[in-house]
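Have a go at each task before you read its solution.

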Amino acid sequence: MAEVTDLTEHMRAKVHADREELRQGALLPLVWAGDAGPLLDTPYVIKEVISPGGLIVIYGVPKSGKTFFVTDMGLRVAMAQPWFNHRVRAGLVLYVASEMGRRAERRVWAWLDHHLGDVADRDLPFAIVPKVVNLLDVVAVERLVATIESLIDTRGKPALLIVD
């Protein structure tokens, strides 16, 4: 019961802090239609698909290839290879394999084997978290954040975070 109380207190403190931040003027930005522009020089991770700090959602029916799709996306970012004819900027990728767990390693190995063959250097900036991370569990999220912070300290900021 103490864990529930601690979680409740933690959430109350978070809500209070969020409200205080809002009071201090941390409103979301607004861009009026007349001020909108073509954004021709916008930075990207994958051109016309993902910008730094952007969010995309891949969805579809079960067994439709979503995991293969995002694994390919992540590995192409790690290797700076074009993805479906879109330019890619190289960067560190963190793949949270909540659904597949350690089986994600087999998928990554197979992708590397297919695309790189016997190339000796397979040390790509692509890391897998091979376990479930419950995003509704404060402790699990804190562990994920700590893992990302540690990764940033050692390898730099990820260009892409995939949660599957």
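You are looking at a predicted model, in which local features need pLDDT of at least 70, side-chain atom pairs count only at pLDDT 80 or more, and totals for chains, interfaces and linings use all residues. Residues are numbered from 1 along each chain as its sequence is written, and side-chain values use heavy atoms, with hydrogens and water left out.

**Exercise 1.** Find how many helices and strands the chain has, and in which pattern they follow.

*Solution.* Start with the terms: helices (H or I, at least four residues) and strands (E, at least two) are DSSP runs, numbered from the N terminus. Counting them gives 4 helices and 3 strands.

**Exercise 2.** Work out which strand S3 pairs with, and which of its residues are covered.

*Solution.* Two strands pair if DSSP finds at least two bridges between them. Strand S1 (residues 93–96) and S3 are joined by 4 bridges and run parallel. For one example, take Leu-94: its bridge partner in S3 is Leu-161. Now look at the two faces of S3: Leu-160 and Ile-162 form the covered face, while Leu-161 and Val-163 form the uncovered one.

**Exercise 3.** Describe the largest nonpolar core.

*Solution.* Such a core is a set of buried (under 20% relative accessible area, 1.4 Å probe, protein chains only) Ala, Val, Leu, Ile, Met, Phe, Trp, Tyr and Cys residues joined through side-chain atoms within 4.5 Å. The largest one has 23 residues, of which Ile-46 and Phe-126 touch the most other members. H2, S1, H3 and S3 are the elements that give two or more residues to this core. Apart from it lies another core of 9 residues, including Leu-92 and Ile-148.

**Exercise 4.** Characterise the largest pocket by its volume and its lining.

*Solution.* On a 1 Å grid over the protein atoms alone, a pocket is an open set of points where a 1.4 Å probe fits, with protein on both sides within 12 Å along at least five of seven lines; lining residues have an atom within 4 Å of a point. The volume, the space filled by probe spheres set on the points, is about 970 Å³. There are 33 lining residues, and Val-70, Leu-161, Ile-162, Val-163 and Asp-164 lie nearest the centre. Among the elements, H2 gives the most to this lining, with 5 residues.

Methods. Buried < 20%, exposed > 50% of the residue type's maximum accessible area, 1.4 Å probe, protein only.
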